[in-house]
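Please open the model in a viewer and keep the sequence panel at hand.

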Amino acid sequence: GRLLCLDAATRARVWWFQAGDAVLSAPAVAGGRVVFGSFDGHVYALDAPTKTFVWEAPVAIGDVLRAKPALNADASLLFVAGFERGRVHAIDTATGQLKSAWGTELADPGRCRVICR
């Protein structure tokens, strides 16, 4: 349940953040922000230098989040894929508000993964 920030040169731990559940995906990093999801269905956005929330609270998706979040070209939208229910959610990176979601809620949850370059 912890996300670690390590110094690339020394490999020393700079800070860590305790999420609500397991963190299995790599975070997305842009503009000094670190964004990641966890098994508790929340998306966390932290200011990297201060380790403080960018938004007032983590965004609740209501699904297990395992895939690395993806940012659009101008980093204004964050896309996260639910692991069990098969929906992709778009989040406004400035406000943390859910903008939209698409995909069909799966009656028999399987596994969904978004692969981005």
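On a 1 Å grid over the protein atoms alone, a cavity is a set of points where a 1.4 Å probe fits but cannot get out, and its lining residues have an atom within 4 Å of a point. Grid points are joined across faces, edges and corners, and a volume is the space filled by probe spheres set on the points. This is a predicted model, in which local features need pLDDT of at least 70, side-chain atom pairs count only at pLDDT 80 or more, and totals for chains, interfaces and linings use all residues. Residues are numbered from 1 along each chain as its sequence is written, and side-chain values use heavy atoms, with hydrogens and water left out.

First, select S25, G37, L65, R66, A67, P69, V80 and A81, which line the largest cavity. The space inside the largest cavity is about 40 Å³, and the structure holds one cavity of 30 Å³ or more.

Next, select K51, in the loop between β5 (42-47) and β6 (52-53); strands are DSSP runs of E, at least two residues, numbered from the N terminus. Although K51 is not a glycine, its phi is positive, about 60°. K51 is partly exposed, at a relative accessible area of 34%; this term covers values between buried (under 20%) and exposed (over 50%), with a 1.4 Å probe and protein chains only.

Finally, move to A75, in the loop between β8 (70-71) and β9 (77-81). A75 also has a positive phi, near 60°, in a residue other than glycine, and A75 is partly exposed, with a relative accessible area of 28%.

Definitions and conventions: Helices (H or I, at least four residues) and strands (E, at least two) are DSSP runs, numbered from the N terminus. On a 1 Å grid over the protein atoms alone, a cavity is a set of points where a 1.4 Å probe fits but cannot get out, and a pocket is an open set with protein on both sides within 12 Å along at least five of seven lines; lining residues have an atom within 4 Å of a point.
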